[in-house]
Amino acid sequence: MKLRKQVTVCGGAIFCVAVFSLYLMLDRVQHDPARRQNGGNFPRSQISVLQNRIEQLEQLLEENHQIISHIKDSVMELTDTGAVSPSGHLPFRSANGSWVLPFDGRPTFLAVKPQDCQFSASSRGQADVQMLDVYSLLKFDNPDGGVWKQGFDITYEPEEWDNEPLQVFVVPHSHNDPGWIKTFDKYFTDQTQHILNNMVVKLPEDPRRKFIWSEISFFSKWWETADVHKQEAVRKLIQGGQFEIVTGGWVMTDEANAHYFAMIDQLIEGHQWLERNLGVTPRSGWAVDPFGHSATMAYLLKRANLTSMLVQRIHYSIKKHFASTRNLEFMWRQAWDTGSSTDIFCHMMPFYSYDVPHTCGPDPKICCQFDFKRLPGGRINCPWKVPPKTVVEANVAERAQLLLDQYRKKSKLYRSKVLLVPLGDDFRYDKALEWDQQYINYQKLFDYMNSHPEMHVQAQFGTLSDYFDALYKTNGVAQGAKPADFPVLSGDFFAYADREDHYWTGYFTSRPFYKSLDRVIESHLRGAEILYSLAVANARHAGMEGRYPVSDYALLVDARRSVGLFQHHDAITGTAKENVVIDYGTKKRRHFCRLIMKTEKQKICKFFFLSSIRCLSSVIFLLLQDDRRATQDSLPQRTLIELDPAGPRYLVLFNPIEQERLCVVTALVNTVRVRVLTEDGQTLPVQLSAQWSSASQMSAEATFMVRLPPLGLAVFHLYDSPDSPMTLRSETLLRLPGRGASARATDPLPVRSQQADPQTFYISSQSLTLGFSGTTGLLESIKRKDDPQEVKVQMQFMIYGTRPSKDKSGAYLFLPDGKAKPYSQKEPPVVRVVEGPLFSEVVAHYQHFQQTVRIHNVPGVDGLSIDMSTMVDIRDQTNKELAMRLTTDIQSGDAFYTDLNAFQIQPRRRFLKLPLQANFYPMPSQAYIQDSHHRLTLHTAQSLGVSSLESGQLEVIMDRRLMQDDNRGLGQGLKDNKKTASRFRLLLERRSTGNKMMDSATTSFPSVLSHMTSAVLNHEVLALPVLPKRRGIPPLQTFAPLKSLLPCDFHLMNLRSIQSQDPQSPSPYTALILHRLALDCGVEAQNLGFNCTTTQGQLSVSGLFKSLDLQLLQPMSLTLMHAGAPLANDSTISLDPMEISAFKLKLR
């Protein structure tokens, strides 16, 4: 009774506060002097103000209604469970087995404006070509097309160019992979530096010569070693239009597995380098080697103010279809765009490859004769057995006519009489001889063509932008504008097949260990960027600018570049040689460790934790990152916090997301005598569970619930003290196979055991009840507390083999030997069931994997989804791929949904006309299936390959071990597997009745809960134990940097310190990069555990950061190269749903 009274009194008090706040709001509206003008006759401008006030009141009423409902539910729940603690202490277990936790005392509300829900249901800008429709239309057959094997015979009439001559732009290029067969540094030493050294000598020899370059990672390394004469030569070549930087990213990023944070970051890093060193702003995108293309990349290039782009690796059937309809050039529009603001002009290369035999025209046997590096006597030749000939006066007419025929045939596939002909390949032009062979011979051909008017051709070397400029001019439109009669396309270009049924869907999973590591480091980089920017701004605000050691900025730059390098399309893809993978991993770990030690620790603690500004210049204490990695290929290990009766240990927690966070945190301690206090002395409930390091050595995991400020740090005190009533031990049950099996109970954390039986068993929290198979120990069902229907969600592990003969699976290709077979092992698994007040979990131990399914007994985001972790180790397998399959009773049909780069959702369809491997897609952050009642989303913390091979199924490839090369140039299989932990969140949502059968074929959006679930999974709380010190530890305080809450449909992508002219130090400016999320409100809303409001895309930046003054607010292009007019500092900025925008700030 005592507890019930306490809750009721607490609830009543909050209700009174809520009512009083409403009264004050009404009073403020009534007494606003503006309302007393004209004897109550409101001018039109005042009516809109009044309207806004009324809307605010309505929102306040809604929020208070939700608060009261929250209190009512809490009281009713306590009443229903008979929740009366025998001792009067909380937490405790009630009569029905559920745990009762201390009342949080922080009722929260979800107030999404109806206007912010309209975008997901609004009509879209009409696209002429929708890729899902193209997939439905095509047969995906592969008839022999003649000389163009995957195409068709091309014919033309000789007089077609009589009135308008063909303009040909031959674009010399060299594709430089920043790591693949060799490491980045070895490639640079052996080839790349020679290419660029030759360029500055050979291009000036003839002003008609042109060259393009893409990868700034290589170019910046060369620039640092180049003397002033070479640097000046480059500047002259750029100014003279002979040399162009295309795309200008740090790398040519992968577009399947990369997260949009990293895609943007590497693009910014490249563009910022170009701006500082060359004053160059790239205009055209060039992506000849990524294995499939994402619509996200088109959007990012558009937001960076590029006007045109080029793509190459696209399914041969799609290329053939686009060639036959002359749709190889199009305006690429985002599927969610309600107008045409996202349109960017895109050129698709039509043939098999970007090498010379496949770029001049449809016949590679002829085109190869015009790759003059292959002249007889060289190291490479033409596979078609007809070598090139040096162009001389005697043969120039015949050679020119033969080449022009190919140019004309290729031009017939496009809508304009301007033709692009790339001239290059991997690491070309590294010898001075090749520069002469290509440029001299081609110039003779051009001179002949151009001097014979009857040929009706104007041929020349060009840059990529030369080609696009001529195309726009011919069509009479401005740069980047849509030429008349050119199509608009929406959708993406996955999956890629280059021939037969060879689908490049294996690399969506290859080397999952490094895919996972990449995402962890990205999250830490983002956290370090935000904290560093705030630290420097706080130093300026405190007048300590000159004394703040900004030299650590160089560490941040190194970390950016390391993360950027790994976005390369042979790095994150898992398609480089083993020694190259080790090199990537070592670079990332080295820069990451230095960054954590410096940026996230020493300097930050000075500004955020010290009560006195005079301590700024000395390092007071050091923070240790909680998860440590001994080597680049080892799993993280938690730091053991050794508690001492003499005094507390401090644990600093950093919340990297922009919303308040209510969650559970686990620390590894050396004793079960643990008590956890908040900064203000409040004792927290703690759940103790065991972590066994060996058969006889045990340490304890202390799990406790915390509420953390957005983007903030909070301090917790851990004591070695006699048992607190708030510290409870987990109940652990081992379900053992076979009779007579038992586990020894060991104090102080006892373990019970029983013989496993086939009956379903359950674990529960305040939000969810999960059913598990008594036989397999794997998930079988999910029941939400607010839903009477139990949903079947049956987990299985499956094995794919590879084909027995001819072509086999490898790093790139997935070529299975048929449908997957169930994973089996001789012995049934050992299953561990752990239950307690804050979490319950089931761990199933199999020979090749360990599956952990956990639910958190906390309100809000952390408690509404299922936390899953799969530890996979298939190092003893041969040509096997392990998959996790979820089979449900959701009637999803042939539709499923995967994300593109964690930025947007792309609807997919399973096509029976395609082979099994063609129905797999990249899953960088989530995939879901749905029907009119439910949506089941699998959120992932690492990119993996996913499919839905039957209605109601989701299937993820977890790891691949393949013993052979798949003949795409790598020369190795995948045999360097690691023990890999993959992390997921499984979210079951109920769809509201108004949303039945209204699913768009082209767009879909996550709910606000789903967005938040993805955020908490991908940006884990960073735990930083403070090293003990004998004396003088300053009082640690919570740091909460935000003065006002960000709307919950805003994601703060980055707060990035902008470089100065000195690359080792930051400028006074910071880039604020925001993404406004689009919400599906047709999924029933639930309490998120924090106050969630939306504002129709409005945000006041000046009111965002606590204790900092905003002195500049300037809209910028995404990569900060193009500036808009500065806004008034108190301006409200506005973002549309899905929009990513960048702003230059000056904070102090």
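Predicted model: local features only at pLDDT ≥ 70, side-chain atom pairs only at ≥ 80, totals over all residues.
Between which two strands is the loop that holds Asn879? Asn879 sits in the loop between strand E35 (866-872) and strand E36 (880-888). Its phi is near 50°, a positive value in a residue other than glycine. Asn879 counts as buried because its relative accessibility is 13%, and the limit for that class is under 20%.

Next, go to Asn967. This residue is not a glycine either, and its phi is positive, at about 65°. Asn967 belongs to the loop between strand E43 (953-961) and strand E44 (980-990).

**The four-stranded sheet**

Now select strands E46, E47, E52 and E50. They form an open sheet in the order E46-E47-E52-E50, with antiparallel pairing. Strand E46 (1050-1059) and strand E50 (1110-1116) are the edges; each has a single partner strand, so one side of each lacks a neighbour in the sheet. On average, and with direction ignored, neighbouring strands here are turned by 25° against each other.

Inside this sheet, show E47 (residues 1066-1076) together with E52 (residues 1140-1147). The two pair in the antiparallel sense over 6 bridges.

**From H14 to H15**

The axes of the two helices come within 10 Å and cross at roughly 150°. H14 and H15 are therefore roughly antiparallel to each other, since angles over 145 degrees fall in that class. H14 passes H15 in a left-handed crossing.

Show side chains at the contact. On the H14 side it is made by Tyr514, Asp518, Ile521, Glu522, Leu525, Ala528, Glu529 and Tyr532. On the H15 side, the residues are Tyr553, Leu556, Ala559, Arg560, Val563 and Phe566.

For a loop that leads up to H14, select Phe494 and Ala495. A cis peptide bond joins them, with omega about -5°. Ala495 is found in the loop between strand E14 (488-490) and H14.

**Salt bridges**

How many salt bridges does the count come to? The count comes to 53.

Start with Arg428 and Glu434, whose side chains meet in a salt bridge of 3.1 Å, N to O. Are these two buried or exposed? Arg428 counts as buried at 3% relative accessibility, and Glu434 is buried with a relative accessible area of 1%.

The network comes next: select Asp265, Glu269, Glu529, Arg560, Arg561 and Arg1056. Salt bridges that share partners join these six residues into one network.

Move to Glu160 and Lys412. Their salt bridge has its closest N and O atoms 2.9 Å apart. The pair links distant parts of the chain, 252 residues apart. Glu160 lies in the loop between helix H3 (131-137) and strand E5 (166-175), while Lys412 lies in the loop between helix H11 (396-411) and strand E12 (418-426). Glu160 is partly exposed at 27% relative accessibility, and Lys412 is partly exposed at 28%.

The last pair is Asp466 with Lys210. In this salt bridge the closest N and O atoms are 2.7 Å apart. This pair too links distant parts of the chain, 256 residues apart. Asp466 is in helix H13 (residues 464-475), and Lys210 is in the loop between helix H4 (184-202) and strand E6 (211-213). Asp466 counts as partly exposed at 22% relative accessibility, whereas Lys210 counts as buried at 13%.

**Thr192**

End in helix H4, where Thr192 lies. Thr192 is buried, with a relative accessible area of 0%. Show what surrounds it: leaving aside neighbours within four places in sequence, Thr192 is in contact with Asn176, Tyr187, Trp213, Phe218 and Phe427.

Key
Residues numbered from 1 in each chain as written. Heavy atoms only, no water. Pairing = 2+ DSSP bridges. Axes fitted to C-alpha atoms, helices over the stretch in contact; angles between N-to-C directions. Salt bridge = Lys/Arg side-chain N within 4 Å of Asp/Glu carboxyl O. Buried < 20%, exposed > 50% of the residue type's maximum accessible area, 1.4 Å probe, protein only. Parallel < 35°, antiparallel > 145°, perpendicular 65-115°, else oblique. Left-handed = near helix turned anticlockwise from the far one by under 90°. Contact = heavy atoms within 4.5 Å.
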